[in-house]
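Here is a short briefing on one protein model.

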Amino acid sequence: MLNTYNAQPLTAGIADMIFPLVQMTEANITLQKWQEFVAEYVCTDDPVPESQWLRDKGIVVIRNDRGYVHGLFSYEVRTDISIGTVLHVDNVKAVEIVAREHVLHCMREAMDRLLRLHGCAATYVAVDEPNMRLKSFFSDAGFVPRKIRYCAPAPKP
């Protein structure tokens, strides 16, 4: 039987329950670091969950029909000087337990929903360089390289 997946904005009340998924994909992340990250992206629980989709930044989790979280991504709506409002997606995490492709398709649908709700002209997705599966999925979904981001670690004191 195929699992059904759905996307929903992460709320403060369940953020700590998502930590094991984060730690599976990023072993060096501590619970405190995760909580600090969540605090920047997630507001206190909203009595109207659908309004969470209207926030300019947040974290979206992908759950199966049993409630288990199989993926997540963070997003922020920003202005790009050349094309206008864009959806920036980062921290894409998907667990390959059963059907990774279904999890990624659900993520893509959530990104499309955010794109439409915020009137964005495009979606930018940042993936880790060595993650060829994510690169392949997004390329197959019609994403093309447009900008290159370089990362320079801060100098040590």
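Strand 3 (residues 69-80) pairs with strand 4 (residues 84-94). The two run antiparallel and share 9 bridges. Please keep in mind that this model is predicted.

**Strands 3 and 4**
- A hairpin of 3 residues links strand 3 to strand 4.
- Glu 76 has a bridge partner in strand 4, and that partner is His 88.

**Strands 4 and 5**
- Strand 4 also pairs with strand 5 (residues 122-125), this time in the parallel sense.
- The pairing of strand 4 with strand 5 rests on 4 bridges.
- Val 89 sits opposite Val 125, a residue of strand 5.

**Order of elements**
- The protein contains 4 helices and 5 strands.
- Read from the N terminus, their order is β-α-α-β-β-β-α-β-α.

**Burial, contacts and surface**
- The protein has 157 residues, and 38% of them are buried.
- Take the contacts with a separation of 6 or more: 58% of these join residues 24 or more positions apart.
- The accessible surface of the protein is about 9800 Å².
- Carbon and sulfur atoms account for 54% of that accessible surface.

Technical notes
Residues are numbered from 1 along each chain as its sequence is written. This is a predicted model: local features need pLDDT of at least 70, side-chain atom pairs count only at pLDDT 80 or more; totals for chains, interfaces and linings use all residues. Side-chain values use heavy atoms; hydrogens and water are left out. Buried means under 20% relative accessible area, exposed over 50%, partly exposed in between (1.4 Å probe, protein chains only). Contact means heavy atoms within 4.5 Å. Accessible areas come from the Shrake-Rupley method with a 1.4 Å probe; for residues, only the protein chains shown count as cover. Two strands pair if DSSP finds at least two bridges between them.
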